[in-house]
Amino acid sequence: MSELLQFLFSGLTVGAVYALVALGFTIIYNASDVVNFAQGEFVMLGGMITWFAHAAGLPLPLAALLAIIATAALGVAINKLAIEPARGAPIVTLIIITIGASVFVQGAAQLVFDKQIHTFPAFSGDTPLRVMDATIQPQSLWVIGGALVVFVGLWLFFTRTLLGRAVLATSNNRLAAQLVGINTNFVMTLSFALSAGIGALAGVLATPITLTAYNVGIGFALKGFAGAMLGGMGNPKGALAGGFLIGLIEAMTAGYLSSTYKEAAAFVVILLVLFFMPQGLFGRKSTERV
Amino acid sequence: MLTVEGLRSRYGRIEVLHGIDLHVDSGEIVTVVGANGAGKTTLLRCLSGVQPVSGGAITFRGEPLTPVPAYRRLARGLAQSPEGRQIFTNLTVEENLRLGAFLYNDERVDKDMEDAFQMFPILRDKRNLAAGGLSGGQQQMLAMARALMGRPSCLLLDEPSMGLAPIIVAQIFDVVRGLKALGVTVLLVEQNAFGALKIADRGYVMETGQITMQGPAEELIADPRIREAYLGI
Amino acid sequence: MTLLSVEGLGISFGGIKAVNDVSFKVDPGEIVSIIGPNGAGKTTLFNMISGVYLPGSGRVALNGEDVTGMAPFRLASRGMSRTFQNLQIFQNMTVLENAISGFHLQERGPVLADLLHLPSSRARARTAEAGARKLLARVGLKRAADREAGNLSYGSLKRLEIARALAMEPKVLLLDEPAAGCNAVETEEIDHLIAEVAASGTAILLVEHDMKMVMRISNHIVVLDHGEKIAEGAPAVVSRDPAVIAAYLGTDAEKGVADADG
Amino acid sequence: EIKIGASVSATGPAAFLGDPEAKTLEMLVEEQNAKGGINGEQIALVLYDDGGDANKARTFATRLIEDDEVQAIIGGTTTGTSMSILAVAEDAEIPFISLAGAIDIVQPVKPYTFKTPHTDRMACQKIFEDMQKRGIGKIGMISGTDGFGASMQAQCKDVVGEYGIEIAADETYDPKDADMTAQLTKLRNTEGVQAVLNPGFGQGPSIVTRNYRQLGIDLPLYQSHGVASDGFIELAGKEAAEGVRLPGTALLVADLLAEDDPQKPVVSTYKTAFEGKFKQPVGTFGGYAHDGFALLVDAVTRAGSTEPGAIRDALEQTQGLAGTTGIYTMTPEDHLGLDLSAFRMLEVRDGTWSIVE
Amino acid sequence: MPKLTAKSATLLVLAALIAITPFFFPSGYYYRVGALIFVNGLAVTGIVILTGYAGQISLGHAGFAGIGGYACALAPVHLGLHPSLAVLLGAVISGVLAWLVGRPILRLKGYYLAVATLGFGILVSMVLNNERDLTGGPDGIAVPELGLRGLLKDWGLDLTNGQFWYFFCGIVLLIGAWIALNLHQSPTGRALRALHGSEIAAGTVGIDVTRIKLQAFVISAVYASVAGSLVALQNKFITPDIAGFMHSIEMVTMAVLGGAGSVLGAIFGAGILTLLPQALTVLAEYEQLVLGLVMMLVMIFLREGLLPSILRKLRGRGE
Ligand SMILES: Nc1ncnc2c1ncn2[C@@H]1O[C@H](COP(=O)(O)OP(=O)(O)OP(=O)(O)O)[C@@H](O)[C@H]1O
Ligand SMILES: Nc1ncnc2c1ncn2[C@@H]1O[C@H](COP(=O)(O)OP(=O)(O)OP(=O)(O)O)[C@@H](O)[C@H]1O
Ligand SMILES: [Mg+2]
Ligand SMILES: [Mg+2]
């Protein structure tokens, strides 16, 4: 029983990290149909900049804020310099561009920072919380809470606000969006800023648990991508569910079956789900009539 | 109200508009007819700003329109119901209409939407369905209604009657006439040249990227060349 | 002999019956038109007949064989072809290649032969190309043959779709609003083309809102409203049916048709 | 001029290892040249980054030999890249000093291939010796699935029998994993486990250590030489790392070495120079590169020639060369030249490394 | 003069490049790089068929390269097969696996297909990494000699190791390119490109979309597999990196960067991306920075890929 609970905690902790990354994918995808493979780099930057600024003497909250703002600015720059000019390009081209951006950011990070592994103190100390016989780090609660807050925010944004609707409209039909007066460039800028900011936030929250280094981005991107697709790309509900699900599957597999093939288990589940639900768990089927 | 002078436009290296001159006066209905591939859609795309212009000038209400980005043109009063309908397929019918009034956030939005539903009752029945599930004609109605939600002072219509049942075609033409009564200017591109010329004040004939004929609508309807080439009579 | 028979076909979307219990028959060489208000279910009916949607009820028989819900590519090899209301063009290919792909069933062969460029593969491709060029000439797109298909105007794309559908020399051809986006003169050209094809023995199922055209070339008309068949018969009969006038043609429709005629 | 080639994994998954190696080599060559080179000849270092990819490493090895025409090669951060380079070097008869751990690199002995790190097997032996002393008979293992972790895991399992110790639970984690509590819970709940051993490098072992404390497991925790650096204590947290043992090199405890320890001068000099220059703590891996270079300088000096064959012969006759890792004595049968004494059992006490015994 | 078709032009250019460039090689190392370009070119030609023609994305093709490579390492040892037969065996296994995996996942579209193929690739590389007793684990495993070079020597053709692999891979690439080019203009190729445009329309003209997609997937898997085998045989050593996610990405990037729609373009892309790290060794620190920049710039400004865009520019000027 306590074993199960411990596995659950482990899964939730890791799953929350994945979910945060997956949520980051959602906005850019909703605005442009682009899966931004540089999303993982935003997470990396969130951690690295915070560490850097903190090490340079800034108090932690300020350092974190700086990291989020700087990363959001970088997101905007990537959009302006790399995504906007390639408007209308086929999906594979856009994938390569975002992977290029990811490689670039990683290359820059190793020059600006270093190749060492870093961390900074957990927000609420390291004394584990004990529930029955299982334990959980206070920082895990921060990450889980962060994922939930971001989820609720995004969900409200997309379902309750006209601007959120405009974001969806932009990806659905950019031409029509312009015709109804939506400044699609602004929508894209906003989306990249938000996505990058959420990515950085993920990095800030997770680093005390996962540690960070210039090359951790790609791992986050992969898991976040997998989570988002499992849940159904574009839907915040899907991102949340997908992220947590992958975390839980990994933890349960590691706990009860084999830790060696726990990631395999996650991908097998993804393949199975997609076999029966080609749009993921919550993905909306696009209605295109012929 | 709207003046086009020597307008040129190209797709890549191929020029498809070779210097178009036309004007639409305030409160007028002007129609453009022409064969497939003449460049009518391209012309409208230039006017709404989604197609780059390579020469000539467009003035709207006395101001040059060319430097205004597409998304600002609706705020200036220029709305378009585009070819191919271009609705937001993943959003609901109601969301499509609401986005048509993206620029506004007042009580009139609800009233306008009510008007739209009045005009096309079928849209009311489908208001909460994804617009992509609508039938072709229903989508065409939605495109038209969405353009009206933008409160245009000048409306660009690209084949609004395409795919509509005869009873609705008649209704669309009535709506256009009604818009005129409300003071809205309309530039109408139609394959149903007969219907279009009947409600229009003036008309232009376009052939391979050039205006080849123009005049009051009654004159054009009577012109034997037009009757033979476009009306099939 | 009946070529295509549709019996009690129906389907619902989210509980709403888009098509309900529709039946009719088409003989070789016959032109049957389906008309009805927007949203009556015409395209949906086409989608069920051509295997794009799985019918909720009823059956479709082609040449006596039950083909209900059969995948489109299988139906194609049994002689059914169609065009689309929302154009489905191979945008990334040239106009000619679009037309050639209509010959797929004739030109396909073992992959290995294609990979190794065997003479058999070349011969198949050559025949298809010759046929495609002829067809393009027939629909007036000869000069556009080498253009990228995505760059054509709307009306031209419609013709290209027709050419592609004709390439299969189908026994049954489903045309969904072939004249939309064409002016009166262009419509008439399409008219002739359809009549020609029908004359060669192909059964044609037509959806079209251009009443002039429908009345002129149909042998038989089926009228749908709210997914149900509300009338059917010869053009002259249907056009006078009060229910049809009320639901579809409108009271001044006859006048409209007459106007255009005049 | 003498040309030395190097291909290390300065980026990629093994960057954590390869980066200090690259830095060390560049620093040492500079220093040596400032001292007048070797036998009066300046050293030219041609350094490539193979990103940890064996295929790339082979290409760079070919390039070093055929295009740059180097006289000797140092490098091969990982076992995979080392195996690739050694094939090319053996063909071309160019001496190659590998910086990777696997025993297969020098066993069977290949004429031109040498290596500086002690093998994984030796690390396992050192650890098991220590466990034996503490009377531990049943352990759990949790290993990284990267090359380093997997290789050491296999070696440990292979050699553990000789110490009468039983591996009762064997878990793994992916080097990118963020939480190992699931695996550790399993280890904890395994009947009779008296200690836990964690082969791995990078952030994995730090996280394992933190999770270990989080779960309140109070069994001895052994780490591998893969994390032997001050950075580990910092990342794992001083509290969590307290009591962790690992087989490390003299490098880590430079200050604690006896004054007459033959390694003391070497270790102190390197540590001061590296940390002064790069503002980051020295680690075992940079030390391997240091020793590789030292072996080469020593051999070239003795050979009095820059001819690859002569360098090889001289390398094979290395006698009592004190490096950061240990004291090297090569023979035609032994191209590693270290024994278990090169390892010292270290333990984290009061937040810093100290020598056990 | 008969008009040169795109196909013969491509093959001629390739053959000429393979035959002539060695005259300018200052050292044996260039043969190695050349051979790598050809191997990568071969793998990427498979991507052209799958992505360029049929419009299907795969982020897991390195898995097949891994299968091809490990077949050469394992089959001779465990099954006693000659290495050349091991290549064949690898190709067959890859083909069969592609067929089995492709059936369920090729129904997926766009990013969903991407994540499914990604999953497949990761599963393969995981097995190669973790089944240490069989595969040698992350440290890799030795691969037996192909032996063809010795045979040639007996026949009086004495090539260095580098030269042998250069010409051998060059010839295999030529054959691969020839096949891919054949496909392009063939009925099957046209069907592939048609389904790229519209799957529904492809169905109505009688194209069995599921089957033909599967064929493309299998063919491209075989390309990747053979390329993997060639890498293994040439290096006489193989590690699981060959099946890794990064290698999959690299394959797609090469194809798209050079121009996924055309065989020559994709091979060109393989050349550029193989040469780039070699050229950038002087600024090793900046390698990633430059690589990322190149990827972005090319895709932004020459979005059809390097070669097609350049050709178009040249042609534009010619007119
Ligand atoms: N995206 C494009 N790229 C290249 N050429 C194009 C593109 N769109 C249209 N064209 C070409 O521009 C010309 C004018 O096309 P346009 O769509 O404006 O015609 P249209 O008058 O609206 O015809 P239709 O009545 O068929 O809609 C045609 O020759 C067409 O082929
Ligand atoms: N995939 C779908 N999802 C939801 N509703 C659908 C779907 N397909 C069709 N419908 C509904 O079924 C009804 C019939 O649509 P259909 O497209 O068949 O009409 P139609 O007769 O072709 O009309 P039009 O003349 O406007 O093309 C419409 O009300 C439409 O909203
Ligand atoms: Mg048009
Ligand atoms: Mg319809």
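Because the model is predicted, local features need pLDDT of at least 70 and side-chain atom pairs count only at pLDDT 80 or more, while totals for chains, interfaces and linings use all residues. Residues are numbered from 1 along each chain as its sequence is written, chains are lettered from A and ligands numbered from 1 in the order in which they are written, and side-chain values use heavy atoms, with hydrogens and water left out.

## Ligand 1

A residue is near a molecule if one of its heavy atoms lies within 4 Å of it.

Ala, Val, Leu, Ile, Met, Phe, Trp, Tyr, Cys and Pro count as nonpolar, Asp, Glu, Lys and Arg as charged, and the others, Gly among them, as polar.

## Ligand 2

The second site brings in another chain. Residues from chains A, B and C surround ligand 2, so the site is shared between chains. There are 22 residues around ligand 2, and Lys126(B), Ser135(B), Gly137(B), Thr43(C) and Thr44(C) come nearest. The shell divides into six nonpolar, 12 polar and four charged residues.

Here are polar contacts of both ligands (a polar contact is a pair of N or O atoms within 3.5 Å; within protein, one must be able to donate a hydrogen and the other to accept it, and residues adjacent in sequence count only if both atoms are side-chain atoms).

| Residue | Part of residue | Ligand | Distance to a ligand oxygen atom |
|---|---|---|---|
| Asn36(B) | side chain | ligand 1 | 3.1 Å |
| Thr41(B) | side chain | ligand 1 | 2.5 Å |
| Glu83(B) | side chain | ligand 1 | 2.9 Å |
| Lys126(B) | side chain | ligand 2 | 2.6 Å |
| Gly39(C) | backbone | ligand 2 | 2.8 Å |
| His209(C) | side chain | ligand 2 | 2.8 Å |

The protein covers 90% of the 630 Å² of accessible area that ligand 2 has on its own. For ligand 1, the cover is 87% of 640 Å². These areas come from the Shrake-Rupley method with a 1.4 Å probe; for residues, only the protein chains shown count as cover. Around ligand 2, the elements that give two or more residues are α6 (136–149) of chain B and α1 (42–49) of chain C.

## The magnesium ions

Now for the metals. Thr41(B), through OG1, and Glu83(B), through OE, coordinate the magnesium ion called ligand 3, at 1.9 to 2.0 Å. Thr41(B) sits in helix α1 of chain B and Glu83(B) in the loop between β6 (78–81) and α3 (93–100) of that chain, so the pair ties together parts that are 42 residues apart in sequence. Donors are N, O and S atoms within 2.8 Å of the metal (3.2 Å for Na, K and Ca); water is not among the atoms, so sites may look incomplete.

The other ion, ligand 4, is coordinated by Thr43(C) (OG1) and Gln85(C) (OE1), at 1.9 to 2.1 Å. Thr43(C) belongs to helix α1 of chain C and Gln85(C) to the loop between β6 (80–82) and α3 (95–101), so this pair ties together parts that are 42 residues apart in sequence.

Are these residues buried or exposed? Thr41(B) is buried, with a relative accessible area of 17%, whereas Glu83(B) is partly exposed at 22%. In chain C, Thr43(C) is buried at 9%, and Gln85(C) is buried at 8%. Buried means under 20% relative accessible area, exposed over 50%, and partly exposed in between (1.4 Å probe, protein chains only).

## Chains D, B and E

In chain D, seven of the eight residues of helix α6 (residues 181–188) are buried, so this helix is largely enclosed by the rest of the structure. Among them are Thr181(D), Gln183(D) and Lys186(D).

For chain B, an unreviewed UniProt entry places "domain: ABC transporter" at residues 2–233. That span is 39% helix and 27% strand. UniProt positions are given in the numbering used here, feature names are shortened, and annotations may be inferred rather than shown by experiment.

For chain E, UniProt (unreviewed entry) lists "transmembrane region" at several stretches, including residues 255–276 and 288–307. Residues 255–276 are 82% helix and 0% strand, with end C-alpha atoms 15 Å apart. Residues 288–307 are 80% helix and 0% strand, and their end C-alpha atoms are 23 Å apart.

How values were computed:
Helix = DSSP H or I, 4+ residues; strand = E, 2+ residues; numbered from the N terminus.
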